[in-house]
Amino acid sequence: MTCSRGDEEIACDESGSDGENLLAGNTDVFAHGSVRLPTDVAAECFRELRHRIRSPAEEYKANHLLREKHRAVLEWLLAPGGPVHGHAHVHLIDKAFFVVDRTVGLLLDGGDGHRALDAVTLYRAGPHAFGDEEWQDFLTAAHQLLRVRTDHGPSAPVDAFFRVVDGLRRAAGRTTVSAVLDRLATARPAAEDYRARIAATGPPLVPLLDPLLPAVVATVRHWSAGGPGPVRLVHDRQNMLTPQRMAWVAKSVWPAGAGRVEWRLVEARLDVRVQSADILAGIARKVASDELNGRGDARLTALLRPYIDTESVWGDAPSWARMRGNAANTALRVAG
């Protein structure tokens, strides 16, 4: 099947979404899947899945395929020549790195290249330099600083974050992360301004810690192939996907406003294409999480590799190298 850009809807769904709760959710990876399949092709794919798996479930999910007894079905789905190969895409976000990247971006806005280097340095060297417990304290404090909702006044998360930063500076000595910590320690005005703006005007249009919208940006960018659209999305129903935010997505992809994003929200169970995207996202999230935690399955990682977006937000070099099949030396991020 071949499709020119814009002549088919792109069906999308996510896996691993906990909103802003990135550190205490059920998974350490967020995945956004998308497929470009005609409805009849997607329906035939599901008929074949039901024939092979024989589960009475009304709606199939990734966990049906991730069971060991259905390993052959999983490999059939992802393999070259399978029903979604060449027609699907997945954007991955390492949630802990996303917190670090957004914190550095808010406080040390020195251009994307410098920001990416600082975030990567902090994420990769931090656990070794500080110890696991202290590193978790830093992630928690950064997470609370960026969260829209807080149980305390606007200054409380600022005070807590900079107490942690000052403690790490005293304990770490001169390490590879010292220069980043020193710059963070001087960035209190930026943090105070951020919290004051939230207190005065309410949540921003695009919350810093919500991974869905930047993932949609990356998805639109992928399917537009760099052109000005239109890109037609059919997405699982999400409260985040308001008209104002989808306008932000289009502007993020095409700053000059030359393109447009047409979209509609549906219930996943009512659209087999969206269910296909949901299954792909769930599989990718599990495979990527296993790689991140040293439990990678080389065969599944290799099968998933052609689907992975190179703009994925990933900070761990060895895991990303295995996922992408290259010697990844820098983290790849989405704009946002």
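**Entry 1: α6 and α9**

Helix α6 covers residues 132–146 and helix α9 residues 188–201; they pack at about 45°, with axes 10 Å apart. I took helices as DSSP runs of H or I with at least four residues and strands as E runs of at least two, numbered from the N terminus. Axes are lines fitted to C-alpha atoms, for helices over the stretch in contact, and angles between N-to-C directions run from 0 to 180 degrees.

I then listed the contact (heavy atoms within 4.5 Å): Q144, L145 and L146 of α6 meet A191, Y194 and R195 of α9. These residues divide into 4 nonpolar, 1 polar and 1 charged, where Ala, Val, Leu, Ile, Met, Phe, Trp, Tyr, Cys and Pro count as nonpolar, Asp, Glu, Lys and Arg as charged, and the others, Gly among them, as polar.

**Entry 2: Conventions**

I note that residues are numbered from 1 along each chain as its sequence is written, and that side-chain values use heavy atoms, with hydrogens and water left out. The model being predicted, local features need pLDDT of at least 70 and side-chain atom pairs count only at pLDDT 80 or more, while totals for chains, interfaces and linings use all residues.

**Entry 3: α12 and α14**

I found that the axes of α12 (residues 272–292) and α14 (residues 317–324) come within 9 Å and cross at roughly 135°. This pair is therefore oblique. In the contact, A288, E291 and L292 of α12 meet S319, R322 and M323 of α14. I count 3 nonpolar, 1 polar and 2 charged residues there.

I also looked up S289, which is found in α12. S289 is buried at 8% relative accessible area (buried is under 20%, exposed over 50%, partly exposed in between, with a 1.4 Å probe and protein chains only). Not counting residues up to four places away in sequence, S289 touches D28, V29 and R295.

**Entry 4: G19**

I placed G19 in the loop between β1 (10–15) and β2 (29–35). G19 is partly exposed, at 24% relative accessibility. Its C-alpha atom is separated by 5.4 Å from that of D210, 191 residues apart along the chain. Leaving aside neighbours within four places in sequence, I found G19 in contact with L209, D210 and P211.

Conventions. Parallel < 35°, antiparallel > 145°, perpendicular 65-115°, else oblique.
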